[in-house]
Amino acid sequence: MPTIKTNGINFYYEERGSGEPLLLIMGITAPGSVWNVHVADWKHHFRCIIGDNRGVGQTDKPAGPYTTEQMADDYAGLLDSLGLKNVHVVGCSMGSTIAQQLAIRHPDKVKSLVLMCPWARCDNYAKGLFQHIMNSKARFRPEEFSLYIQLLIFSKSSWDNVQKHEEFETGRRQDGYNPYPQPLHGLEGQAAACISHNALNDLGKINKPTLVIGGKEDIFTPVWMAEEVAGGIPGAELYLYDKLGHAFHFENTEDFNGRIRNWLQKVPSVH
């Protein structure tokens, strides 16, 4: 399985499909494999590059704290090692903060941005929430921690759906047998990056086509955060799903996959 050395760590990644390169950056606690339900569609149109973030999966998990700038540099090194000049970037939650920093610090490497449930800075509530995630990870069994995350990211409409509710239960059981469990220090490193991320004053430097997308029922990264990011990036588009939460991309996967595919295909070619 491919691993490259970047920014002082061994970084695990996978590739699927062919076409224009599309870099996918997942959120806190999540390995790159969480993109699979989206890559199943996108691999037919793009060369999908999926990494495990610093601190999770099969990538190194050094002691933290991490920063979103540091994690963006991890991905810049990955792109250099693959010989890629510039790529479309889709970042989810923490991944969107890393994507922001990639566009700010390495603008030539970014062709377009899709920022899912993003934030430009944390308010005190968000900082408290990330601290509580760390506290929960330290004290809960894996399936108990999984339930807490599900409560944060899924909307009422999903909890009320019988099939989804059963899927949540299955997911919690699977988390009890994860072959690559995230260690506490890996989560703490990532949470520190989430808390310290503050790109608000630099968003105006981003001059790439940008789509900010989220759910109106998101209690984890509320709508004001997405609006602040979209308002800070010149020309950014904003789309918010009705009745969906932080995990809107799992709650209405079919619409999301097609919406992102169509948006990316309309981005002008860079010569």
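**Notebook: sheet, helices and cysteines of a predicted model**

I began at the end of helix α2, which is followed by G83, a residue with a positive phi near 70 degrees. I noted that helices (H or I, at least four residues) and strands (E, at least two) are DSSP runs, numbered from the N terminus.

I recorded that this is a predicted model, in which local features need pLDDT of at least 70 and side-chain atom pairs count only at pLDDT 80 or more, while totals for chains, interfaces and linings use all residues. Residues are numbered from 1 along each chain as its sequence is written, and side-chain values use heavy atoms, with hydrogens and water left out.

**Entry 1: helix α2**

The 14 residues of α2 should span 20 Å, and the end C-alpha atoms are 20 Å apart, so the two agree.

I then asked how many of the 14 residues of α2 are buried. Ten are, so that the helix is mostly covered; buried means under 20% relative accessible area, exposed over 50% and partly exposed in between, with a 1.4 Å probe and protein chains only. Among the buried residues are M71, Y75 and L79. I recalled that an α-helix has 3.6 residues a turn, so residues three or four places apart point the same way.

**Entry 2: the sheet**

I looked up the strand order next. The open sheet has eight strands in the order β1-β2-β4-β3-β5-β6-β7-β8, with mixed pairing. Its edge strands are β1 (3-6) and β8 (237-241), each of which pairs on one side only. From one strand to the next, the twist averages 25 degrees; axes are lines fitted to C-alpha atoms, for helices over the stretch in contact, and angles run from 0 to 180 degrees between N-to-C directions.

I counted two strands as paired if DSSP finds at least two bridges between them. Strands of a sheet pair through backbone hydrogen bonds, either parallel or antiparallel. β1 and β2 are antiparallel over four bridges, and K5 stands opposite N10 in β2. These two strands form a hairpin with two residues between them, and N7 in the turn has a positive phi of about 55 degrees. β2 and β4 also run antiparallel, joined by four bridges, with E14 opposite I50 in β4. By contrast, β5 (residues 87-92) and β6 (residues 110-116) run parallel and share six bridges; V89 has L113 in β6 as its bridge partner.

**Entry 3: helices on the sheet**

I returned to α2 (residues 68-81), which lies across β1, β2, β3, β4 and β5 and runs at about 120 degrees to β1. Contact here means heavy atoms within 4.5 Å. Helix α9 (residues 223-232) packs on the sheet and touches β6, β7 and β8, its direction making about 165 degrees with that of β8.

**Entry 4: cysteines**

C48 is buried at 0% relative accessibility, and C194 is buried with a relative accessible area of 0%.

How values were computed. The expected span of a helix is 1.5 Å times one less than its number of residues.
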